Amino acid sequence: MTKTYDAIVIGAGIAGASAAYFLREKGDRVLVLDKQGIARGGSGAAGAFVSPKIGKGSPLQELTNEAFAFAKAFYQDSFPSYYHQTGVVRIPKDEADAEKFSLYEPFNHQHYEKLSPEPLSDMGIHAPFESFFFEEAGLCDAPALCEALLEGIDFVQYEVKDLSYLPDLRRWKAGEYRAKNVVLATGFEGGLADLRYMGIRGTWGTRGDFASSYRLGVSMHQSMSVSANLDGVIKLGATHEKSVVSPVACEEGQALSLREKAAALVDVSDFELIETFCGMRAGSRDYFPLLGDIIDTDYMLEHFPAVTRGAKPSLHYRENLYICNGLGGRGFVFGPLMGKMLAEHIIDGSEIDPRVDADRLFLRWCRRILTASL
Ligand SMILES: Cc1cc2nc3c(=O)[nH]c(=O)nc-3n(C[C@H](O)[C@H](O)[C@H](O)COP(=O)(O)OP(=O)(O)OC[C@H]3O[C@@H](n4cnc5c(N)ncnc54)[C@H](O)[C@@H]3O)c2cc1C
């Protein structure tokens, strides 16, 4: 029997769960489909640290920190049981990095303190450099949070193999399900629409949960992240394994290599590996999220071939087909703000912020087709 919804969201990671949550908040009847279950892709692997980005005020830093402020308030107000405000210490990697920290200070718009090595040592952290402490930062229980976002929303474990549009009914069809709107939140996996212009790619990563009695009240980030000790568990994350291009079994050795690395920051002598997690982070070509309508690439290339030579015709979109992706290594920072923006766009017709609008990548991609064919 056909089941009809206002919106189908494909993918139940933090991107899909956030989009579904805000669509439902606006009164939509939403169905979420995921072939693996809730938070079984990259989102299930995440240590889910939620902290500001430091730097010299780049546009990406600005956006990340807007998303951080939104996410933190959203988790604290609506999902307090799944957000642990442990604070996060940002530690310079080396002397050269420590010098840069003073240049970053004018761009730390979140509340922070500077901590010198002595108080850090009292907190159980070995760091030879003055560091920033962001007390509002923390980490989420990733799978439990995604499940909580989807509470009261229909979810079916189902692999969408064929997504088609029924023009007479003005409905999308995925198996026995129909909906006016479809959101693709499929992480690093494309295939359901032509998304080549977005340049989505995955970066494989591993993290580990370690049992420990080490007294650590705050989380920290240097070239890796170490969580506070929460109920006898310390999370270490994460590797960036460039050689892994499609999912493989998780490797304990990778999680253990994180313990070795963490030894420079904390005493890891009683750390025992309990569980290893791994997954893909789906990022965009320019590291900004990908949000909004999906362009009909075939239509554009057929009707406006000059687009490959720099013409800028009006864009033609797939009917009511949307993307929420490209959250990179910060899905739990970007997810809520992106989900809200997308729901406001779909339901209220508000403009997508140009910084995250996937349209930004289309014309450049078209020009690259010409260059590649020469
Ligand atoms: C080791 C590791 C550590 C990380 N640490 C952090 C961190 O500390 N903080 C942070 O904010 N982020 C972190 N991240 C990044 C974060 O996990 C990603 O940003 C996030 O997973 C992106 O979510 P997503 O919903 O876009 O993708 P995913 O979580 O990958 O979800 C995509 C879903 O789509 C489903 N799907 C795909 N195709 C189909 C189909 N045809 N039919 C049905 N379902 C389909 C998949 O099964 C999958 O569940 C980490 C990631 C990794 C791997």
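1. Basis. Local features in this predicted model need pLDDT of at least 70, side-chain atom pairs count only at pLDDT 80 or more, and totals for chains, interfaces and linings use all residues. Residues are numbered from 1 along each chain as its sequence is written.

2. Domains. The domain assignment gives domain 1 (3-42 + 144-200 + 285-373) and domain 2 (203-278); such bounds come from an automatic or database assignment. Taken over C-alpha atoms, the centres of domain 1 and domain 2 are 32 Å apart.

3. Ligand. Both domain 1 and domain 2 give residues to the shell around the ligand, so the ligand lies between them. There are 44 residues around the ligand, and Gly13, Gly41, Gly42, Gly187 and Gly331 come nearest (near: C-beta atom, placed from the backbone, within 6 Å). The elements that give two or more residues to this shell are α1 (14-25), β2 (30-34), α2 (42-45), β13, β17 and α9 (331-348). Helices (H or I, at least four residues) and strands (E, at least two) are DSSP runs, numbered from the N terminus. By class, the shell has 17 nonpolar, 19 polar and eight charged residues (Ala, Val, Leu, Ile, Met, Phe, Trp, Tyr, Cys and Pro count as nonpolar, Asp, Glu, Lys and Arg as charged, the others, Gly among them, as polar).

4. Open sheet. Eight strands are arranged in the order β6-β7-β5-β14-β15-β16-β13-β17, with mixed pairing (strands pair if DSSP finds at least two bridges between them). β6 (113-115) and β17 (272-283) are the edge strands with a single partner each, so one side of each has no neighbour in the sheet. Within the sheet, β15 (residues 225-226) and β16 (residues 233-237) run antiparallel and are joined by two bridges; Val226 has Leu236 in β16 as its bridge partner.

5. Strand β1. β1 (residues 3-10) pairs with β12 (residues 177-184) in the parallel sense over seven bridges, and Thr4 has Arg178 as its bridge partner in β12. With β2, β1 pairs in the parallel sense over four bridges; here Ile8 stands opposite Leu31.

6. Helix pair. α3 (residues 59-78) packs with α9 at about 80°, their axes 8 Å apart (axes are lines fitted to C-alpha atoms, for helices over the stretch in contact; angles run from 0 to 180 degrees between N-to-C directions). That makes α3 roughly perpendicular to α9 (65 to 115 degrees). Residues of α3 including Phe68, Phe70 and Phe74 take part in the contact with α9, where the residues include Phe332, Phe334 and Leu337 (contact: C-beta atoms, placed from the backbone, within 7 Å). By class, this contact has ten nonpolar, one polar and one charged residues.

Terms used
Angles under 35 degrees count as roughly parallel, over 145 as roughly antiparallel, 65 to 115 as roughly perpendicular and the rest as oblique. Two residues are in contact if their C-beta atoms, placed from the backbone, lie within 7 Å.
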